[in-house]
Amino acid sequence: MAEMVSPDAITTILANPSPDSSSDLPELVVQVLDLKSTGSKFTFMVSDGKMKVRAMLQSTLSSLITSGSIQNLGLIRILDYTLNDIPTKNEKFLIITKCETVSPALDSEYKVEAEVKDSGTELEPKQDMDVETEVKREVNGFILKPKQEIVAKSAAQIVHEQHENMAPSARMAMTRRIHPLVSLNPYQGIWTIKVRVTGKGNMRSYRNARGEGCVFNVELTDEDGTQIQATMFNEAAKKFYDKFQLGKVYYISKGTLKVANKQFKTVQNDYEMTLNEYSEVEEASSEATFIPETKFNFVPIDELGPYVNSRDLVDVVGVVREVSPTMSIRRKSNNETIPKRDITIADETKKTVVVSLWNDLATSVGQELLDLADKSPVVAIKSLKVGDFQGVSLSALSKSVVVINPDLPEAKKLRSWYDSEGKETSLASVGSGLSSSTKSGARSMYSDRVSLSHITSDPSLGEEKPVFFCVKAYISYIKPDQSMWYRACKTCNKKVTDAIGSGYWCEGCQKNDEECSLRYIMVAKVSDASGEAYFSVFNEQAERIIGCSADELNELKSQDGESSYQMKLKEATWIPHLFRVSVTLQEYNNEKRQRITVRAVAPVDYATESSFLIEQISKMKISKVE
């Protein structure tokens, strides 16, 4: 096995850190040493018997290790790689992007050892004056000169010396070394990536302590399907905003990387990219481009609850049950009218959810789904925002991808289930859900169940960002003399004021209207066995609690008097509800206070509630036994 290791393989790699083509590489067979796991990745040393360098496999190749194909002390053939500098440690790091197994684990670490035997030392004078004698020795049949003084050199010095002897830069510019996104890291020097723009945000203005500026970001995807988010500020944003076009392929270089902020990242990558005005962006228009493979990470519909109103985006796959006509919705921010279409999908969890498609998705893909509605197509949708409308809802973004009848194992399995039993099965909405026919209830009402004291006893909850919980509690008191509602525009639901003369003025719609509607905005005291708290309740949730709209309650108060009004509020108390709430900290008179807002409310399904309690009791018993 020893002779299978390529002589001087590491020296070859150090001399050629960015090979132009894997086909030009010589045979590079090395031994894997000190293989260890670091989270979801694996690191190890590669050795040719003389030299070693630290290495890591591209994440897509990790299965070769987990399957046992690549073993510690085993041999691998490197077919493609990228050699990166780590300046902070003054060393090199090899990222292997393509390899194959040569041999399982050897008995021990392979080292080059030359057995030297004396062949009868022969002294020969040199031709020059004052010369020293020269000793000739025989090693495995070869005549060697005496060992010269060895000067230790770092890997960086070796590479620097090699670069001094390389071809002129003009000749090297004829070829372009493309780095896969998975190989990039903040310590890497020069790199070039070839990516498709799969998402583009709008140009946004900002103001902070350093002044005003603008920013926008793009989502980039390479041929392997790996994604990264690139952000541009100010001059770079103005330079590249029109340059980047959705769906086009570009070469990008001279950017910087940093560890991604998990609070704001929207793609699955440990790093995020920043491009400045000196970065280079070149459209790959005259070359063969590629369509990146869309990778999904599906979340079952009944497990969407924990994602409600979070920054995390989800992917879903489902059978289309209903498709609505296109609607025109007025955007609150700029009063612009945009098209919207709702589709209802279901999956094997026997739950349904409404997905809202906007703009081009509503008019193009939405229309295609409407034409295929009678055939119940399967759709896979990537990058959806989870909202709390009707308990749980999904909304597409500009970066969302919708694939109809995808060629995926999950889609085929779902189609088989739906054709065999799903179409005849009773399905329930994941958000509404706690009717007598629901078997498992809304996941969002049970995933983070806590008592009221758990929330009120921790004054730091929601300090950095909103946190979400579910509670089972009673409305114990609704103060009748509070401001129970506000006058709202019938078009955009924003607050209206009295117009000059008659009617109502809406600042959002910039128009007068003769009529307005009333929308709840109230505070209610809520109690459970552990304590009590005050909840802020808005229109949709308040209607479910009180049992009528704000207009109807106002009419009751006006026509039947204060006593009927207060009786209606009293009837809404001491009825159990399931609440999904958000908790934030707000400052009032230089004092931080908790604000608990109801995001969803549903009546108690006692069969489901009993099953939940039994499950909790079982967990308590198991923990006591342990």
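Which residues does Asp 224 touch, not counting residues up to four places away in sequence? The answer is Gln 58, Pro 180 and Lys 295, where touching, or contact, means heavy atoms within 4.5 Å. The model is a predicted one, in which local features need pLDDT of at least 70 and side-chain atom pairs count only at pLDDT 80 or more, while totals for chains, interfaces and linings use all residues. Residues are numbered from 1 along each chain as its sequence is written, and side-chain values use heavy atoms, with hydrogens and water left out.

**The chain as a whole**

The chain has 12 helices and 33 strands; these are DSSP runs numbered from the N terminus, with helices (H or I) of at least four residues and strands (E) of at least two. Of its 626 residues, 42% count as buried, a term that stands for under 20% relative accessible area, with exposed meaning over 50% and partly exposed lying in between (1.4 Å probe, protein chains only). Among contacts between residues at least 6 apart in sequence, 63% join residues at least 24 apart.

**Individual positions**

Asp 224 sits in the loop between β12 (211-221) and β13 (227-233), and its C-alpha atom is 9.8 Å from that of Val 195, a residue 29 places away in sequence. Lys 494 also has its place in a loop, the one between β26 (485-488) and β27 (496-498), and its C-alpha atom is 7.2 Å from that of Cys 506, 12 residues away in sequence.

Leu 257 belongs to strand β15 (residues 256-259). Apart from residues up to four places away in sequence, Leu 257 touches Leu 184, Asn 185, Pro 186, Trp 191, Ile 228, Tyr 271 and Glu 272; its C-alpha atom and that of Asp 270, 13 residues along the chain, are separated by 9.9 Å. Ser 356 lies in strand β21 (residues 351-358) and, leaving aside neighbours within four places in sequence, is in contact with Lys 340, Arg 341, Asp 342, Leu 394, Ser 395 and Ala 396.

Most residues other than glycine have a negative phi. Asn 234, in helix α5 (residues 234-240), has a positive phi near 50 degrees, and Asn 405, in the loop between β23 (393-404) and α7, has a positive phi near 45 degrees.

The accessibility of these positions is set out below.

| Residue | Relative accessible area | Class |
|---|---|---|
| Asp 224 | 35% | partly exposed |
| Asn 234 | 30% | partly exposed |
| Leu 257 | 11% | buried |
| Ser 356 | 10% | buried |
| Asn 405 | 47% | partly exposed |
| Lys 494 | 31% | partly exposed |

**Helix α7**

Helix α7 (residues 409-420) has 12 residues, which at 1.5 Å a residue should span 16 Å, and its end C-alpha atoms are 17 Å apart, in agreement with that value; the expected span is 1.5 Å times one less than the number of residues. The buried residues of α7 are Ala 411, Leu 414, Trp 417 and Tyr 418. Seen down the axis of α7, these residues fall within an arc of 125 degrees, so they line one face of the helix, the arc being that of the directions from the helix axis to the C-beta atoms. What covers them includes β18 (314-323), β20 (337-346) and β22 (378-387). On the other side of α7, Pro 409, Lys 412, Lys 413 and Ser 420 are exposed.

**Helices α10 and α11**

The axes of helix α10 (residues 550-560) and helix α11 (residues 562-571) come within 6 Å and cross at roughly 145 degrees; axes are lines fitted to C-alpha atoms, for helices over the stretch in contact, and angles run from 0 to 180 degrees between N-to-C directions. From α10, the contact is made by Leu 553, Leu 556, Lys 557 and Asp 560, and from α11 by Glu 562, Ser 563, Ser 564, Tyr 565, Lys 568 and Leu 569.

**Nonpolar cores**

In soluble globular proteins, nonpolar side chains tend to be buried together. A nonpolar core is a set of buried Ala, Val, Leu, Ile, Met, Phe, Trp, Tyr and Cys residues joined through side-chain atoms within 4.5 Å. In the largest such core, of 34 residues, the members that touch the most others are Ile 455, Met 484, Tyr 520, Phe 535, Ile 546, Leu 553 and Phe 579. A second, separate core of 27 residues includes Val 299, Val 316, Ile 345 and Val 379.
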